[in-house]
Amino acid sequence: MKISWVIITVVLGLIFLFLIRSNLDIILTNKDLPGIYVYNRNLNTSDTLWIFSNGKYLEKVYDKNRKLIVVRNAFWESEKDLKNNLELIVHFKNMVLNDDRKISYSRNYSNTKMDLITSVIQDNGTIKIDMDSDQGFYFIKQKK
């Protein structure tokens, strides 16, 4: 009888440690952000985002023939979401709003910029920047 309680206690302790470790993996910080991200909405364009640890980012948008349309260097900053501690909020300054329409070469993309404040989530180990989660559109961090 005594051995059963010891086994149950050890098993419950291991489960508790596993749950704590699992939750630590999904809490993101600004140190998790740097890397290369690719937009998953890319029928007419290809949008790539390089996020650097010094607070800068580089965005490049190509047409479907891989012709470079926009290059944007700007700044980003992040903070924890006060409502949901598991999410990270990121603020991109002067980002190109790429709606994936067919490229109009007469359009001045250098004037197509906005400040974007959005959330960063981790989904099954993949870091995603939410562009429109209702539609399933994200910048997805690429593995090294």
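**The whole chain**

I began with contacts, meaning heavy atoms within 4.5 Å. Among contacts in the protein chain between residues at least 6 apart in sequence, 44% join residues at least 24 apart.

I noted what I was looking at: a predicted model, where local features need pLDDT of at least 70 and side-chain atom pairs count only at pLDDT 80 or more, while totals for chains, interfaces and linings use all residues. Residues are numbered from 1 along each chain as its sequence is written, and side-chain values use heavy atoms, with hydrogens and water left out.

My terms here are DSSP runs numbered from the N terminus: helices are H or I with at least four residues, strands are E with at least two. Along the sequence I read the pattern α-β-β-β-β-β-β-β-β.

Then I checked burial, taking buried as under 20% relative accessible area, exposed as over 50% and partly exposed as in between (1.4 Å probe, protein chains only). Of the 144 residues in the protein chain, 33% are buried. The chain exposes about 9,700 Å², and carbon and sulfur atoms supply 57% of that. These areas come from the Shrake-Rupley method with a 1.4 Å probe, and for residues only the protein chains shown count as cover.

I followed the pairing next; two strands pair if DSSP finds at least two bridges between them. Strand 3 (residues 56–63) and strand 4 (residues 68–80) run antiparallel and are joined by seven bridges. I looked up one partner here: Glu59 is bridged to Arg72 in strand 4.

Strand 4 also pairs with strand 5 (residues 88–95), again in the antiparallel sense, over five bridges. In that pairing I found Trp76 with Phe92 of strand 5 as its bridge partner.

**Which rings meet?**

I counted a pair of Phe, Tyr or Trp rings (for Trp, the six-membered ring) if the centres lie within 6.5 Å; planes under 30 degrees apart are stacked, over 60 edge-to-face and the rest tilted. That rule gives two aromatic pairs. One of them is Tyr57 with Phe92: the centres are 5.2 Å apart and the planes stand at 85 degrees, so I wrote it down as edge-to-face. Because Tyr57 is in strand 3 and Phe92 in strand 5, the pair ties together parts that are 35 residues apart in sequence. I checked burial too, and both Tyr57 and Phe92 are buried.

**How many salt bridges does the structure hold?**

I found two, using a side-chain nitrogen of Lys or Arg within 4 Å of a carboxyl oxygen of Asp or Glu as the rule. In one of them, the side chains of Lys93 and Glu77 meet at 3.7 Å, N to O. This pair links distant parts of the chain, with Lys93 in strand 5 and Glu77 in strand 4, 16 residues apart. Lys93 is partly exposed at 29% relative accessibility, and Glu77 is partly exposed at 41%.

I also looked up Lys128, which forms a salt bridge with Asp123, the closest N and O atoms being 3.0 Å apart. Lys128 is buried, at 15% relative accessible area, whereas Asp123 is partly exposed at 32%.

**Charges over rings**

My rule: NZ of Lys or CZ of Arg within 6 Å of the ring centre and within 35 degrees of the ring normal. Lys128 turned up again here, with its charged end over the ring of Tyr138, 4.8 Å from the centre. Arg66 lies over the face of Tyr62, at 4.3 Å from the ring centre.

**Loops**

I stayed with Arg66, found in the loop between strand 3 and strand 4. This hairpin has four residues between the strands, and Arg66 takes a positive phi near 70 degrees, although Arg66 is not a glycine. Arg66 is exposed, at 51% relative accessible area.

Asn124, in the loop between strand 6 (114–123) and strand 7 (126–132), has a positive phi of about 50 degrees and is not a glycine either. I marked Asn124 as exposed, with 77% relative accessible area.

My last entry is Arg41, in the loop between strand 1 (35–39) and strand 2 (45–51). Arg41 is partly exposed at 30% relative accessibility. Arg41 and Tyr138 are 97 residues apart in sequence, yet their C-alpha atoms are 7.6 Å apart in space.
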